[in-house]
Amino acid sequence: FSPDGTRIISASQDRTLKLWDAACGQELRTLSGHTNFAFAFAFSPDGTWIVSASQDKTLKLWEAASGQELATLPLPGILDCVALHPWKPLAACGDYGGSLHFIELVGVVYGPIIVTPIIKKHLFKPELSIRCPACQHRISINQDQLDTELTCPTPGCGLHLKINSFSIRVE
């Protein structure tokens, strides 16, 4: 799922990735470019990029809106997993040989990092809050702040956040 919950990405043995509308299941686009199976992929924390790792020994960076392949990084092993840092343009991927590769995505600039509010009981009444992924500070918000942007108020942090339009209830 994309961080805003609107899209789903899947991979296939036909060497493609497909982007789907999460609400209706309609295919939005096909991302083609790998020459072998692509088993691992991730959305960037702002939802604008997709990174994929493949058995063709490449890590690819895609623009989520257009499906355009932006970069290919050849690596020494067959890749089977990938993850992105929660707020910095950094990737980690692993290969079948047990190697772990840390990659700085130079030139990639994230927009506001998407965060999902939680509703949790606090002093016997529900409270809506988000957590900044950079400083881990919990920020209380109100209902009219859903689907808006804000800057983390923690001194020294200042990460720009986009609050999802939906929330998750935590019991």
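Is Asp21 buried, partly exposed or exposed? Asp21 is partly exposed, because its relative accessible area is 23%, and buried would mean under 20%. Welcome to this predicted model, a protein chain with 17 strands and 0 helices.

**The chain as a whole**

- The C-alpha trace spans about 55 × 40 × 30 Å along its principal axes.
- The protein chain has 171 residues, and 38% of them are buried.
- Of the contacts between residues at least 6 apart in sequence, 36% join residues at least 24 apart.
- On the charge side, there are 16 negative and 14 positive side chains. The centres of these two sets lie 7 Å apart.

**The largest pocket**

- The largest pocket holds about 160 Å³ of space.
- Among the lining residues are Leu59, Lys60 and Leu61, along with Ala71, Thr72 and Leu73.
- The lining also includes Val51, Ile103, Glu104, Leu105, Val106 and Val108.

**Ile9, in strand E1**

- Ile9 sits in strand E1, which covers residues 7–11.
- With a relative accessible area of 8%, Ile9 counts as buried, because that value is under the 20% cut-off.
- Leaving aside residues up to four places away in sequence, Ile9 touches Leu17, Lys18, Leu19, Phe41, Phe43 and Ile50.
- Ile9 and Glu69 are 60 residues apart along the chain, and their C-alpha atoms are separated by 15 Å.

**Asp21, in strand E2**

- Back to the residue of the opening question: Asp21 belongs to strand E2, residues 16–21.
- Not counting residues up to four places away in sequence, Asp21 touches Thr6, Gln26 and Leu28.
- Gly5 is 16 residues from Asp21 in sequence, with 9.3 Å between their C-alpha atoms.

**Val170, in strand E17**

- Val170 is part of strand E17, which runs over residues 168–170.
- Its relative accessible area of 31% makes Val170 partly exposed.
- Beyond residues up to four places away in sequence, Val170 touches Ile118, Ile119 and Lys120.
- For Val170 and Ile119, a separation of 51 residues in sequence goes with 5.9 Å in space, C-alpha to C-alpha.

**Two loop residues with positive phi**

- Arg15 is not a glycine, yet it has a positive phi of about 75°.
- You can find Arg15 in the loop between E1 and E2, where it is partly exposed with a relative accessible area of 41%.
- Lys57, also a residue other than glycine, has a positive phi near 70°.
- Lys57 lies in the loop between strand E5 (49–54) and E6, and its relative accessibility of 37% counts as partly exposed.

Methods: Residues are numbered from 1 along each chain as its sequence is written. This is a predicted model: local features need pLDDT of at least 70, side-chain atom pairs count only at pLDDT 80 or more; totals for chains, interfaces and linings use all residues. Side-chain values use heavy atoms; hydrogens and water are left out. Helices (H or I, at least four residues) and strands (E, at least two) are DSSP runs, numbered from the N terminus. Buried means under 20% relative accessible area, exposed over 50%, partly exposed in between (1.4 Å probe, protein chains only). Contact means heavy atoms within 4.5 Å. Lys and Arg count as positive and Asp and Glu as negative; His and the chain ends are not counted. The place of a charge is taken as NZ of Lys, CZ of Arg, CG of Asp or CD of Glu. On a 1 Å grid over the protein atoms alone, a cavity is a set of points where a 1.4 Å probe fits but cannot get out, and a pocket is an open set with protein on both sides within 12 Å along at least five of seven lines; lining residues have an atom within 4 Å of a point. Grid points are joined across faces, edges and corners, and a volume is the space filled by probe spheres set on the points.
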